[in-house]
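Morning, everyone. Please look at the screen, and I will walk you through a few side chains.

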Amino acid sequence: VAAIKVYYTHLIVYIAINLMLFAINMLTSPASLWFYWPLFGWGIAVVIHTLSVFSSGFGLGADWEQRKIQEFMEKE
């Protein structure tokens, strides 16, 4: 639950900041669009964060840990 809360905070900040950057870009230099660079770069981080929160850490969640522990115990 804590990870989902942090994710939604990250998403809200991402949206708010990028809307602000869009507004600044349109007000100061609408002929030269630059707002999409941080939107794209940070967007990659948001996608990675989304996958890590909602897909059990790319398959490395608690189930994976338990399987690996069991595997190591069986070897010994």
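Which residues make a nonpolar surface patch of about 300 Å²? Val13, Ile17, Met20 and Ile24 do. A patch takes residues with over 30% relative accessible area and no salt bridge; nonpolar side chains (Val, Leu, Ile, Met, Phe, Trp, Tyr) are joined within 5 Å, like charges within 9 Å. A salt bridge here is a side-chain nitrogen of Lys or Arg within 4 Å of a carboxyl oxygen of Asp or Glu. Areas come from the Shrake-Rupley method with a 1.4 Å probe, and for residues only the protein chains shown count as cover.

Some ground rules. This is a predicted model: local features need pLDDT of at least 70, side-chain atom pairs count only at pLDDT 80 or more, and totals for chains, interfaces and linings use all residues. Residues are numbered from 1 along each chain as its sequence is written, and side-chain values use heavy atoms, leaving out hydrogens and water.

Isoleucine 17 sits in helix H1. Helices are DSSP runs (H or I, at least four residues; strands are E, at least two), numbered from the N terminus. Isoleucine 17 has a relative accessible area of 31%, so it is partly exposed. Buried means under 20%, exposed over 50%, partly exposed in between (1.4 Å probe, protein chains only).

Next, histidine 10, also found in helix H1. What joins its side chain to that of histidine 49? A polar contact of 2.7 Å. That term means N or O atoms within 3.5 Å; within protein, one must be able to donate a hydrogen and the other to accept it, and residues adjacent in sequence count only if both atoms are side-chain atoms. Leaving aside residues up to four places away in sequence, histidine 10 touches Trp42, Ala45, Val46 and His49. Touching means heavy atoms within 4.5 Å.

Now the rings. How many aromatic pairs does a search of the whole structure find? Seven. Rings of Phe, Tyr and Trp (its six-membered ring) pair if their centres lie within 6.5 Å; planes under 30 degrees apart are stacked, over 60 edge-to-face, the rest tilted.

Take tyrosine 7 and phenylalanine 54: edge-to-face, 5.2 Å centre to centre, 90 degrees between the planes. This pair links helix H1 (residues 2-28) to helix H2 (residues 36-54), 47 residues apart. Tyrosine 7 is buried at 7%. Phenylalanine 54 is partly exposed at 46%.

Last stop. Ring pairs link Phe22, Phe35, Tyr36 and Trp37 into a cluster.
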